[in-house]
Amino acid sequence: MEVRLAGVSNGASSRSWLARQGVSKEFPSRAGDTDRYGSVFHDGTRREESDMSVGARSAAMVALAATALLGMLWAYSLGTNAEVSVLNPRGQTLLVMFTAAKLLFNLAAACTIGSLIVVCFALSSAEPAYSTAIHFAAGSATVWSFTAALLNMMNFQLVGGVSVFSGEFVADFIAFLTIADVGRSGLLSFVIAGSVCALSFVIHRRSAVAGTVVLAFTGLLPLFLNSHAEGAGDHADSTMFLVLHVGAATVWLGGLVAVAVVHRVLAPERLGTVVGRYSTLALGAFVVLGFSGSLMAWDQLGSLSSLGTTYGVIVVAKSAAFVVLGIFGAVHRRRVLKQLERDPRQGTRRFMVLVVVELAVMGAASGLAAALARTPVPPLESAPTDGPLPAPDGWTFMSEWTIDPLWALVCGFSAVIYLVGVRRVRRAGESWPVHRTMFWLIGVAALFTITNGGIHVYQAYLLNFHVLTQMLLSTLVPLLLLPGAPLELATRTIRTRSDGSAGGAEFIRVIVRPAVAATAAAPYVPVLVIAGSLVTTYYTPLLEFSALNQPGYALMTLLALASGCFFTAALAGTSPGGQHLLKKQLAALTGAAVLYGVYGWGLWTQGEALEGAWAQSVRPWGPLPVFAPETAGVILWVIAGGAIAVLVAIIIRRKPADKGVSPEPDITRPSQGRAGISSGDLAATQIDRRVTVQGARQD
């Protein structure tokens, strides 16, 4: 049987889109094919498959909308009657409409963000599905913008009760949008949704799509933070749980809808690849959703007896839907993906059947979530029995813990993904030094302790512990993590793509390595980065923001950790350059020492003024001179001095490489290996010279 490529009506063979991207697989064609990718065959086979795809997609959308509405109405009928007399004395109609509009808002936002993420992560800009997904995102963003405006008006009606036809409506509505917190949040949400909508109609480059995704995620926060956690006892403490919960649900639901929409313009052989990439995102979202949802539910319920309340019943129903979705996900990964590889056409049919059922369950869970936001939280049976926070000492550093959901998840994912990578390397018959794994796991453990242990607890009360947190994150943790050679491991385990899409390997090759290479050649750049980090942390509103709420703390933590890793990787990496580069690196470290000295002096002299953000916290242990704000400068000096001394020792220890000793692989320059692009990592890994990599190496 002759095998030819589809797309040529006169019978001549040419390359399909996948072949142009470097994929050698060819697809059979039939006489009479049109010149359009995935176009209709004259014998009606492709037309029949197209009709089935349209029907499956329509069924998926109907299932999502119908079950979402039914789930919302059921949960609403259970839990929101008590709210009617307070917010809507005229009846339940407006409140039901508000909840339905919020549900539509959530679904439209999820479809927008999920589609754009699939575009960034799973599709190539050369294939029709890329444009189809962007067009679907633009349509979803239009609905998102409309519902955001509608929610603002309904919120005003619920709070103010002013008739639309009243002469004072316009003036009162403008005042509501500009003065009231809920009004300002709603206005900001509408502006962001409108901006995403406008951008979605004009963007095409992957970098522009990625920027739009970030903007779209920020559009979830305003209304969400005002409504989803109503009734929470400690709103600030639940903020990060809520952000993670909604973000994970958005990626999971929106991504699945996007795959269902674009599958009809994907070749069956291509669908398996896209579904596999989405499945990776869905697995991560599943873990985040389960972790954040369980902790958030326990925080609201407080005890198992509360499961019998209206709020508890809805939580149980959501949990049951979550378990069912987890089973569907396992079926996707273990059966559907394999069938898409063996028999793409039959696998596509089964995949779409499972998608319809899965979206139906997701819709029900979304409806329950929308109604749960309007359901009163059950009162605690008894007051908390925890006593006042004890004075900080060595024991309380070990005994006091508070879970930060973001960094607990970051640490968990970091450890698991690293160990999976090591397992893949060894399964391929290669070696991976044990000391690298130990360095990485110890660094992750240190990061978890700093962000969840006693230091994290007391940084909300004392400036010097805030400084301690920032300095440990920017010095100690990078010195432990980077000897684990994460870039080397990622390069040897993440598959490079040849279809024009972008994944982890492409991100490392295009963004991470050039950045490290450029800064390694100009060591003064990371010093400027550290200077910018210190200015941002201590002399901008971020200082107070990070002291008073979780998002600010998360931002400060990310800034300190990223700048510290950047600084350490750029200065400690082995790079060609001889004595000239060595002098530049030592000069950069001298500049860093001077910089830390100046900032330490600033903290020593201005500690009381900078501690103003912590003045609102209640310190039950009373004044303790040893923890006076002035000691923050000493903390900075000691930790920075130790880190710089370690970096100087690493750089000097590398000096024999210029005298004929074969140097370790360079973190800044790629070398060919088994997976295509590979590299070395830090000079700290020079203690191991036994690692061998299949492929070409420099002698």
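This is a predicted model: local features need pLDDT of at least 70, side-chain atom pairs count only at pLDDT 80 or more; totals for chains, interfaces and linings use all residues.

Colleague: Let's start with α4 and α13. At what angle do they pack, and how far apart are their axes?

Modeller: A helix pair is read from its angle and its axis separation. Helix α4 covers residues 93–122 and helix α13 covers residues 344–372. They pack at an angle of about 130°, and their axes are 9 Å apart. An angle has to be over 145 degrees to count as roughly antiparallel, and α4 and α13 are therefore oblique to each other.

Colleague: Is that crossing left-handed or right-handed, and which residues make the contact?

Modeller: The crossing of α4 and α13 is right-handed. On the α4 side the contact uses T99, L103 and L107, while α13 brings S366, G367, A370 and A371. Sorted by class, this contact of α4 with α13 holds four nonpolar and three polar residues, with no charged ones.

Colleague: Now for α11 and α12. How are these two helices oriented to each other?

Modeller: Again, begin with the angle. Helix α11 (residues 268–301) packs against helix α12 (residues 310–342) at about 160°, with the axes 10 Å apart. The pair is therefore roughly antiparallel. Its crossing is left-handed, and the residues in the contact of α11 with α12 comprise twelve nonpolar, eight polar and one charged.

Colleague: And α12 with α13: within what distance do their axes come, and at what angle do they cross?

Modeller: The axes of α12 and α13 come within 9 Å, crossing at roughly 165°. That angle makes α12 roughly antiparallel to α13. The crossing of α12 and α13 is left-handed. Their contact divides into 22 nonpolar, five polar and five charged residues.

Colleague: Let's turn to the cavities. How many of 30 Å³ or more are there?

Modeller: For a cavity, look at the volume and then at the lining. The count here is two cavities of 30 Å³ or more. The second largest cavity holds about 60 Å³ of space.

Colleague: Which residues line the second largest cavity, and which helix supplies the largest share of that lining?

Modeller: Its lining consists of S474, T475, L479, F567, T568, Y596, A640, A643, I644 and L647. At least two lining residues come from each of α18 (463–481), α23 (550–572) and α25 (631–653). The largest share, four residues, belongs to α25.

Colleague: How does the lining of the second largest cavity divide into nonpolar, polar and charged residues?

Modeller: That lining has seven nonpolar residues, three polar ones and no charged ones.

Conventions
Residues are numbered from 1 along each chain as its sequence is written. Side-chain values use heavy atoms; hydrogens and water are left out. Axes are lines fitted to C-alpha atoms, for helices over the stretch in contact, and angles run from 0 to 180 degrees between N-to-C directions. Angles under 35 degrees count as roughly parallel, over 145 as roughly antiparallel, 65 to 115 as roughly perpendicular and the rest as oblique. A crossing is left-handed if the near helix is turned anticlockwise from the far one by less than a right angle, and right-handed if clockwise. Contact means heavy atoms within 4.5 Å. Ala, Val, Leu, Ile, Met, Phe, Trp, Tyr, Cys and Pro count as nonpolar, Asp, Glu, Lys and Arg as charged, and the others, Gly among them, as polar. On a 1 Å grid over the protein atoms alone, a cavity is a set of points where a 1.4 Å probe fits but cannot get out, and a pocket is an open set with protein on both sides within 12 Å along at least five of seven lines; lining residues have an atom within 4 Å of a point. Grid points are joined across faces, edges and corners, and a volume is the space filled by probe spheres set on the points.
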